[in-house]
Amino acid sequence: MKDIRLVLPSLGCIIAFALITVTGCNDKSASSDAPRTEAQAPPKMKMTTDIPPEITTPNSIETPIGTLKLFDGFPDDATTQKVYDNLDFQRGVQAFLNAMPGAALTAFRPALRALGGVDGNVIIFEDLMDSKALWLTANTTVVYYMSWLDTKKDGPIVVETPPNTLGVVDDHWFHYVCDFGNAGPDKGKGGKFLFLPPDYKGDVPKGYVVLRPATYGLWLAGRGFLVNGDPKPAVAAIEKNLRIYPLAQAAHPAVTKFSNVSGVPHNTVHANNFHFYEEVNEIVQEEPAEALDPETLGLLASIGIEKGKPFAPDARMKKILTEAVAVGNVTARALSMRPRLKEAYYYPGSAWFATMPDGSYQFLLQPGVRNLDTRVLFHYFYTGITPAMVVKMVGIGSQYATATTDSQGHALDGSKTYKLRLPPNVPMKDFWSFTLYDNQTRSMLQTDQRFPSVNSTTKGIVTNPDGSTDVWFGPALPQGVNPANWAQTVPGKGWNVIFRLYGPLEPWFDKTWKPGEFELVK
């Protein structure tokens, strides 16, 4: 990877509101655009009144973006350019943070098109997903399958869903549309879903679960479950029952084709450079304006991304956006890896934090109030929006906890060895798992192990006499440690981990049971 070094307009230019040092309105250092004599205090006129100082602006202001100069409230040429550059920079950063959900879905499409996950066909990981696939925090213990639906091209689309699966459909801006399978209206038995285009005005037939998403493009993703560690039963059920076809072909639907992509290298992660804005522009051009709020569309338009117009920034704007996306990217990394919200952490003094700390798939602090930080935390690291991820369902579905640091608050280092103990009676009906991820890609850590994980279903895993389980993480198998209890790391690379419980039980929800911390082994 190339070492990219960017020189930003200033160290503090992303600060929306800054503590400033000001000088008086009669400051002699202030200047106007044209040559003029030294500024003088205006005379007192017949209508002169006392002016509250808080509504005036000094002639010279020291700020994080430099000295701003004005003549009696009127900014000079250099100051005007400086604040416009800063404004465009700020909006570029905010566009990265706020439009990230859409870019995340757009980034899936090149791989889906190349591998056979479009036009009513499906990609599936028949032999599970391994670390050659760059997917945000996927795991190694389920059978993933996915397809892209396009109602602009195909009109209304029918999806016949398989039984005993967890599936979701999200729109192109990553807004929730529906669940199917165990958490859906078909209650895990399989059903018929009909997805209508946003502008559809035709007849709606009976016999379907009918959805009218706000976008034409739709992301369909699902997970099948292993039977005694074997993916074959899930694969067989999915490929037998999942069908995707236009409603117009319902009488004689085409055969849905499945492409096994296990072990096939491909990328589904959005860009962290200027190309990010080009990914967002694709959505803006393709989807109805009504699919997103006017405020966010206005933010995008302010940096040149506007429906019906080419996105062609000049050299100045491209430089600013290149710098903005760099700052936005690191901001997202801080929010995702080092959350500053105390409420995000499961336990006091613990490294374990929640993927949706607000307990809301819409990232709401309270009705009508969005938590912008937790939305970034989720979308930068994770994939798939559904209420099922936050609803308390004892013994059903799954729960997640993420850790990026050890017990002392230091970043997890692939050059070092750590030990973690799971107390007895892990609160799960089905199984637990640890999966390791690369801090750079937020995808599975690529090591000598095909699956960078340790699971309760792993053959040969050893528990202690008291029922606890020790799990080891490090670049080499520690002496005397059972190989099934060890996940390999990579020297020189940072990593993070997600602990998953499938079929979580009450002690997880009431926090009377908690996983151990990552203890450095010296």
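Q: What makes strand β8 and β14 a pair, and in which sense do they run?
A: Two strands pair if DSSP finds at least two bridges between them. Strand β8 (residues 157-160) and β14 have four bridges, in the antiparallel sense, so they count as paired. One of the bridges joins Ile 157 to Pro 246 in β14. Strands here are DSSP runs (E, at least two residues), and helices likewise (H or I, at least four), numbered from the N terminus. The model is predicted: local features need pLDDT of at least 70, side-chain atom pairs count only at pLDDT 80 or more, and totals for chains, interfaces and linings use all residues. Residues are numbered from 1 along each chain as its sequence is written, and side-chain values use heavy atoms, without hydrogens and water.

Q: Why are β12 and β14 called edge strands?
A: The open sheet has four strands in the order β12-β11-β8-β14, with mixed pairing. β12 (209-211) and β14 (243-246) each pair on one side only, which makes them the edge strands.

Q: How do you know which residues score with what confidence?
A: The pLDDT is the predictor's confidence in each residue, from 0 to 100. The chain averages 92, and 93% of the residues score at least 70. Over residues 1-33, however, the pLDDT is below 50.

Q: Which element gives the most to the lining of the second largest pocket?
A: That element is α1, with four residues. By class, the lining has 11 nonpolar, six polar and four charged residues; Ala, Val, Leu, Ile, Met, Phe, Trp, Tyr, Cys and Pro count as nonpolar, Asp, Glu, Lys and Arg as charged, and the others, Gly among them, as polar.

How values were computed: Contact = heavy atoms within 4.5 Å.
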